[in-house]
Amino acid sequence: MESRVFSRATTIAHVRRPLRESHSNTSCSFISIKPIGAVGEGGNLIWGRQLRPSLLLEASSPINARKDILRPVMAAASSPAEGSDSSGDGKVAPIGFFDKYPALVTGFFFFMWYFLNVIFNILNKKIYNYFPYPYFVSVIHLFVGVVYCLVSWTVGLPKRAPIDSNLLKLLIPVAVCHALGHVTSNVSFAAVAVSFTHTIKALEPFFNAAASQFVLGQSIPITLWLSLMPVVLGVSMASLTELSFNWTGFISAMISNISFTYRSLYSKKAMTDMDSTNIYAYISIIALFVCIPPAILVEGPQLIKHGFNDAIAKVGLTKFISDLFWVGMFYHLYNQLATNTLERVAPLTHAVGNVLKRVFVIGFSILVFGNKISTQTGIGTGIAIAGVATYSYIKAKMEEEKRVSFILEYSNNHDEGKQHEKERGIGLG
């Protein structure tokens, strides 16, 4: 599953909005306001592919240097601004390794994101081969992640952000959709080949576009719709000749797409200045409580009667517990790495990276499990991935153009305001 909260699915940008403007000086204060979302793959948090680097407007930049007004916030926060002297002694703080080699660090984040995602998908499917209880395993995924978050809060890495009733109300619908998408993704993983589930989940951009057009009333350019046609065609071709096809796996993956689409819609309505790590932790906690009741109702009697005993008889108690622990840990870590990675890169890089991640998962799952695929399924999968890549590229370019246009417009208005104040000062003098 992709998060992301993170990210997947529609992408969440850190929007810098002016908190206040002082007419007596030229400085501006900013607060970071972010839509809530999942990382990832399905999220893919939070969720994964949904977080973008913030762009900082340099209010002091001259008009003729406006091409330099965009700068990643993380870089701005980790190093002193040019010409500033915050310490009062004129000394420049030493540059650390992360600031000196940002490309190397970002590459490491991408590698770990892909590596953890592939390992999660492979281990997850291996568990389902001897323990076919996706509702229970989904609970374990979230439970291990929640324990990890609680331990992290206890040691102060990170420090727990307080939550109030208003924020809780905003997080609940996001978490419910996240839980539903997570469970149905796992039902599909248990029922069909991992490669086929990920091929179906390539339709998620289509559902996002449809929801934006017909639910939110936003106009989707014809170029985006055209780029989605190969995705629909490719998934259809792959489904018709998929050797592991069954309706449970197909319908569950489609419900997962719809769930993550609505998670994206709700996340757009929820605005918070809380950091993504704490947001993902709270959403995981809520989603865990949502997943427990259906797991007990649907699989509880079977688990007590023979589910646990059969799994232990096949692989042993130690391996069974170890597999459940590590699959939960890999699930949480890959979602968290997706969040950290996508906060460091531009939207276009995020879009390309997310498509390549799906290619890696599909390819490695076929190699590890030796799944036989027909020629038509292979061609259909390739067409679907190419369509997703095209859609992601076009959408990322459009969003980046909108963001730059907004910042340039703000810069123009800010410059005009300063000039107006200057003229008023001369007139009063």
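Predicted model: local features only at pLDDT ≥ 70, side-chain atom pairs only at ≥ 80, totals over all residues.

Trainee: What describes two packed helices?

Mentor: A packed pair is described by the angle between the axes together with the distance between the axes. Take helix H5, residues 165–191, and helix H9, residues 247–269, which pack at an angle of about 160° with their axes 8 Å apart. Angles over 145 degrees count as roughly antiparallel, and H5 and H9 are therefore roughly antiparallel to each other. The crossing of this pair is left-handed, and by class the contact of H5 with H9 has 12 nonpolar, 12 polar and two charged residues.

Trainee: At what angle do H5 and H6 pack, and how far apart are their axes?

Mentor: Helix H6 covers residues 194–201, and it packs with H5 at an angle of about 140°, the axes being 7 Å apart. That angle makes H5 oblique to H6. The crossing of H5 and H6 is right-handed. On the H5 side the contact is made by Ser-185, Ser-188 and Phe-189, which meet Val-194, Thr-197, His-198 and Lys-201 of H6. Sorted by class, this contact of H5 with H6 has two nonpolar, four polar and one charged residues.

Trainee: Which residues of H3 and H5 meet, and how do the two axes cross?

Mentor: The axes of H3 and H5 come within 9 Å and cross at roughly 65°, which makes H3 roughly perpendicular to H5. H3 passes H5 in a right-handed crossing. Asn-121, Asn-124, Lys-125 and Tyr-128 in H3 meet Asn-186, Phe-189 and Ala-190 in H5, and the residues of this contact divide into three nonpolar, three polar and one charged.

Trainee: How should I read a nonpolar core, and which residues touch the most other members of the largest one?

Mentor: A core is read as a set of buried nonpolar residues joined through side-chain atoms. In this model the largest nonpolar core has 59 residues, of which Trp-113, Ile-127, Phe-131, Phe-136, Leu-171 and Leu-324 touch the most other members. The elements that give two or more residues to this core are helix H3 (102–130), helix H4 (134–154), H5, helix H10 (276–315) and helix H11 (317–342). A second, separate core of 22 residues includes Val-192, Ala-193, Phe-207 and Ala-209.

Trainee: How many residues of H7 are buried?

Mentor: Helix H7 spans residues 204–214, and eight of its 11 residues are buried, so H7 is largely enclosed by the rest of the structure. Those buried residues are Glu-204, Pro-205, Phe-207, Asn-208, Ala-209, Ala-210, Ala-211 and Ser-212.

Trainee: What is the relative accessible area of Ala-191?

Mentor: Ala-191 is also found in H5, but it is partly exposed, with a relative accessible area of 28%. Once residues up to four places away in sequence are set aside, Ala-191 touches Ser-244, Asn-246, Thr-248 and Gly-249.

Trainee: Which residues does Ser-227 contact?

Mentor: Ser-227 lies in helix H8, residues 222–241, and counts as buried at 6% relative accessibility. Leaving aside its neighbours within four places in sequence, Ser-227 is in contact with Gly-387, Thr-390, Tyr-391 and Ile-394.

Trainee: Where is there a cis peptide bond?

Mentor: A cis peptide bond joins Leu-157 and Pro-158, with omega about 0°, and Pro-158 lies in the loop between H4 and H5.

Note on methods:
Residues numbered from 1 in each chain as written. Heavy atoms only, no water. Axes fitted to C-alpha atoms, helices over the stretch in contact; angles between N-to-C directions. Helix = DSSP H or I, 4+ residues; strand = E, 2+ residues; numbered from the N terminus. Parallel < 35°, antiparallel > 145°, perpendicular 65-115°, else oblique. Left-handed = near helix turned anticlockwise from the far one by under 90°. Contact = heavy atoms within 4.5 Å. Nonpolar A, V, L, I, M, F, W, Y, C, P; charged D, E, K, R; others polar. Buried < 20%, exposed > 50% of the residue type's maximum accessible area, 1.4 Å probe, protein only. Core = buried A, V, L, I, M, F, W, Y, C linked by side-chain atoms within 4.5 Å.
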